[in-house]
Amino acid sequence: MAKTDSSNQWHFQRGTSLRPVSEGRVAQLKPVQAHAITGTAPPFLTNTWHSLKAGRVGNEGYLDLDGINMTREASPGMNALDTHTDFFVGGVSSLNLVNSMAVENEPTGFTGCIREMVVNTRELKLTVADPKGGANVGDCDGTACGYAVCKNNGTCHVENSGFSCSCPQGWTGSTCEQSVHCSQNRCGAQALCIPQPTSFSYICICALGWSGKYCDSKTQFFIAKFVGSSYIKYTDPYYGRRDLQHSRISFNFTTNQTEGLIAWMGKGEDEDNDFLAVGLANGTLKVVVNLGERISVPLMHSKYSACCDERWHFVTVVQNQTCIKVYLDEELIVFEDIDPHRKYTALNYGGICYLGGFEIGREVTVVTTGLFQKEFIGRIKDVVLFQDSKKIQLMKAEGYNVYNGNYGN
Ligand SMILES: [Ca+2]
């Protein structure tokens with residue numbers, strides 16, 4: 001890919017700052033998107049911003065500059081890229097680190113401005129506080145109107161005293177960060193205000209352990225009720241000593257819905273993360289396990305309907321390397337080897353277990369890439385990880401919009 005005409009090659013050299021230098025080869029870009037906006041460097045002397053996207057789909061690498069796309073096939077034999085290394089932007093600590101295959105001439109650092117650096121879906125904050133380190137980097141904009149100072153499509157104006165934002169309709173605050181419907185809300189400190197534009201009003205969504213219209217009453221429970229847009233994020237304190245080749249999760253649930261993600265063991269941060277997921281799809285139990293590269297297919301068993309009857313059901317999922325067993329109401333309903341080649345055998349779930357869904361604003365369909373359609377509505381209790389003798393303490397987790405389900409509805 002590097003041996004193309006000179007203009008394409010320029011794109012590349014700029015593109016090399018997008019990926020970990022230790023990987024060396026351009027064609028090994030991640031199988032998902034990375035994009036950045038660069039500008040003001042020769043031969044682009046126009047002081048305008050340019051949009052650059054680079055990535056890989058299958059064995060095709062692509063590069064897109066201001067909407068003009070260039071796609072080439074990668075070298076054969078590449079099927080994965082480990083990007084869990086340091087990311088360098090604009091240059092590296094030592095130019096000796098740059099693999100000679102990545103550039104045609106001597107490597108040099110980037111001169112110009114870079115903003116909106118997004119890797120997969122996560123933006124790298126190019127601020128003083130966020131990166132691990134850096135040198136010789138200054139503020140680029142030079143005015144108080146830096147990149148994305150005004151939120152929600154507000155327009156920034158430079159003022160003598162700094163900046164001001166003109167906010168679009170429905171938004172207010174000095175940086176347009178607040179919905180007008182929430183500008184005078186009564187939600188307590190343990191709550192999020194969610195604007196309801198259709199009713200010109202708002203609702204309060206309570207942090208785990210709080211309840212009431214304004215989230216000002218403390219609550220405790222052992223049965224968690226998920227009402228929609230609800231989630232619990234539990235961090236496993238014993239993760240460091242777990243045997244990740246033999247994992248297990250069990251819980252009780254009840255619902256009247258036919259769709260919903262019940263439990264997701266895994267960080268869910270990017271699509272390379274391992275996970276073990278349990279939920280409902282079309283009214284039946286669905287289990288999906290990713291031990292690496294998403295090579296296994298979802299496991300379902302339509303014979304045993306577990307939904308909609310509002311009765312308690314007991315689920316246990318056991319992973320012994322690549323063998324997965326699923327028990328529903330103490331009956332074995334799935335027993336499958338998801339990868340006889342044993343390419344990946346450990347569930348590296350990062351010590352994170354989500355129940356019911358993900359953080360507010362992170363849609364279940366997006367995070368699960370369509371494996372599950374929506375968040376869980378119903379009740380969950382008795383969650384046990386591995387062979388622990390105790391249930392996890394729900395009240396010690398992080399969560400929102402989860403309420404006391406101990407009694408009745
Ligand atoms: Ca793994």
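The legends below accompany an overview and several close-up views of one predicted model.

Residues are numbered from 1 along each chain as its sequence is written.

**Figure 1. Overview of the chain, with its two helices and 26 strands.** Helices (H or I, at least four residues) and strands (E, at least two) are DSSP runs, numbered from the N terminus. Of the 409 residues of the chain, 29% count as buried, where a residue is buried if 20 or more other C-beta atoms lie within 10 Å of its own, exposed if 12 or fewer, and partly exposed in between, with C-beta atoms placed from the backbone. Among contacts between residues at least 6 apart in sequence, 59% join residues at least 24 apart; two residues are in contact if their C-beta atoms, placed from the backbone, lie within 7 Å.

**Figure 2. The spans annotated as EGF-like, and the strand pair β7 and β8.** An unreviewed UniProt entry carries the annotation "domain: EGF-like" for residues 141-177 and 178-216; UniProt positions are given in the numbering used here, feature names are shortened, and annotations may be inferred rather than shown by experiment. In the span 178-216, which is 0% helix and 41% strand, the end C-alpha atoms lie 21 Å apart. Strands β7 and β8 (residues 162-166) run antiparallel and are joined by five bridges, two strands being paired if DSSP finds at least two bridges between them. A hairpin of two residues connects β7 to β8, and histidine 157 stands opposite serine 164 in β8.

**Figure 3. Asparagine 153 and glutamine 321, two residues with positive phi.** Asparagine 153, found in the loop between β6 (122-124) and β7 (155-159), has a phi near 65°, and with 9 other C-beta atoms within 10 Å the residue is exposed. Glutamine 321 lies in the loop between β21 (313-320) and β22 (323-328) and has a phi of about 50°, although it is not a glycine. Glutamine 321 is partly exposed, with 17 other C-beta atoms within 10 Å.

**Figure 4. The largest nonpolar core, with 57 residues.** A nonpolar core is a set of buried Ala, Val, Leu, Ile, Met, Phe, Trp, Tyr and Cys residues joined through C-beta atoms within 7 Å. The residues with the most contacts inside this core are Ile232, Ala263, Met265, Leu276, Ala277, Val287 and Leu355. The core lies between domain 2 (185-218) and domain 3 (224-404), because both give residues to it; these bounds come from an automatic or database domain assignment. Not counting residues up to four places away in sequence, methionine 265 touches Ile249, Phe275, Leu276, Leu347, Tyr349 and Cys353.

Figure 5. Leucine 291 is 57 residues from asparagine 348 in sequence but 7.2 Å away in space, C-alpha to C-alpha. Not counting residues up to four places away in sequence, asparagine 348 touches Leu244 and Asp274. Threonine 284 and methionine 300 are 16 residues apart in sequence and 7.2 Å apart in space, C-alpha to C-alpha.

Methods:
Predicted model: local features only at pLDDT ≥ 70, side-chain atom pairs only at ≥ 80, totals over all residues.
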